[in-house]
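Trainee: Could you take one residue of this model and go through its surroundings in detail? A plain account is enough.

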Amino acid sequence: MLCYPCRMIAEIEGKRHREYDGHMVQMCLTNPDVLRIAIESARGWLGPHVKAEPENKYVISVTVNDSPFFCKCAECVAVNRQEGVTEGGTKMRFVNAIANRMAEEYPHVAVETMLYHTAMPKKTKPVSNVLIQLVYDPDWRYAFDDQSYEVNRRALNRFDL
C-alpha cells in the first residue's frame, strides 16, 4: 500500500482517513500535490517511446477507487457545490487538468475516466481529449435507449452533457 501524507487522503466527518467503514477512500482531488503526483505518474506510464511514435494513439486511465467515500474537505465540497453535484465536480476538474497537461506534451494521448460513484458536473465539461466510460448497470434485457424502463431512462439521463 502506498503511503501518502494525510492531507492528500479524503477528509470524512472532519478527519482524514486512509480507510472508512472498512473501505478504502478516495484521494483529496483539490490537493495540488495529488494532481502533481498524478501527472508525474501519467508521464511515467507513457515513457519516451510515445513521443517518438506520434502516429500511434494512446489512452491512459485516471479514475476513482472502487469506493463511495469521497473527500468532504471544505474545498472539495465547495467545488462540487459549484458544479451542482454531490460528487463528480472535483474529479472532472482533476481529470481535465491532467488531460490538458497531457495534450501539451503528448497531443495523441487521451485520458479516460469512469463516471463511477459520481455524476456529470453541470458546469465543467470534459475537455476534447477526455473519454468518459459510464459504469452503471442498466437493464440489459432491453435496448439501452428504450425509455419505457426506468433504470435505462436514468442511465441515459447521465449522458446529459
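**A close look at Glu53**

Mentor: Leaving out residues up to four places away in sequence, Glu53 touches Tyr58 and His108 (contact: heavy atoms within 4.5 Å). This is a predicted model, where local features need pLDDT of at least 70 and side-chain atom pairs pLDDT 80 or more, while totals for chains, interfaces and linings use all residues. Numbering runs from 1 along each chain as its sequence is written, and side-chain values use heavy atoms, without hydrogens or water.

Glu53 sits in the loop between helix H1 (32-52) and strand S5 (58-61); helices (H or I, at least four residues) and strands (E, at least two) are DSSP runs, numbered from the N terminus. Glu53 counts as partly exposed because its relative accessibility is 28% (buried is under 20%, exposed over 50%, with a 1.4 Å probe and protein chains only). His17 is 36 residues from Glu53 in sequence, and their C-alpha atoms are 42 Å apart.

As for confidence, the protein chain has a mean pLDDT of 89, with 93% of its residues at 70 or more (a per-residue score from 0 to 100). The lowest confidence is in helix H4 (residues 150-157), with a mean of 78, and the highest is in helix H2 (residues 74-83), at 98.

How values were computed. pLDDT = per-residue confidence, 0-100.
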